[in-house]
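User: I'm new to this structure and would like a close look at one part of it. Could you walk me through the salt bridges and the residues that form them?

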Amino acid sequence: EPLFRSCNFCRSKLLGKQGFCCKLCRIVAHERCVLQLSQQCIFTHVKSRKTTQTMHHHWVEGNVSAKCSSCGKEVKSSHALSGLTCAWCHRVLHNGCEAKLAKECDCGRHKVHIIPPTSIKPTQVHN
């Protein structure tokens, strides 16, 4: 875990335990910024049964401290928002390495345990 966390909306540092962190996509925000980030948070279902979309990476910027899945070098974001983490497959990348990776996400090594949002579709329940 990085020593300092930065807000994904206003990009300033969070001090102590202030702010919120989404358990799914790990977006971090101040209380005053959290409502502006709701559109960037991960989607957990599709709105139509006819959806045939493919699963894409859901990149969350910053608050990363790990090795890049593309180049293998260390990604650090102790003083600013840098680095990307996919909320689904948990791959970590430098911001500049994103273009080297396919847009489609395979949900990583834990894919047998993940139900992707493209599989959760609305239905009608009949009594």
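Analyst: Let's begin with Glu61, which is partly exposed in this predicted model, its relative accessible area being 24%. Its partner is Arg11: the two form a salt bridge in which the closest N and O atoms are 3.2 Å apart. Arg11 lies in the loop between strand S1 (5-6) and strand S2 (13-14), while Glu61 belongs to strand S5 (residues 59-61), so this pair ties together parts that are 50 residues apart in sequence. Arg11 also counts as partly exposed, with a relative accessibility of 45%.

How many salt bridges does a search of the whole structure find? The search finds two, so there is another pair to visit, given that a salt bridge needs a side-chain nitrogen of Lys or Arg within 4 Å of a carboxyl oxygen of Asp or Glu. Here Asp106 joins with Arg91, and the closest N and O atoms are 3.1 Å apart. This pair links distant parts of the chain, 15 residues apart: Arg91 sits in the loop between strand S8 (84-86) and S9, and Asp106 in the segment after strand S9 (92-93). Asp106 is partly exposed at 37% relative accessibility, and Arg91 is partly exposed with a relative accessible area of 24%.

Val28 has a relative accessible area of 3% and is buried, because buried means under 20%. The C-alpha atoms of Val28 and Arg5 are separated by 7.6 Å, with the two residues 23 apart along the chain.

Definitions and conventions
Residues numbered from 1 in each chain as written. Predicted model: local features only at pLDDT ≥ 70, side-chain atom pairs only at ≥ 80, totals over all residues. Heavy atoms only, no water. Helix = DSSP H or I, 4+ residues; strand = E, 2+ residues; numbered from the N terminus. Buried < 20%, exposed > 50% of the residue type's maximum accessible area, 1.4 Å probe, protein only.
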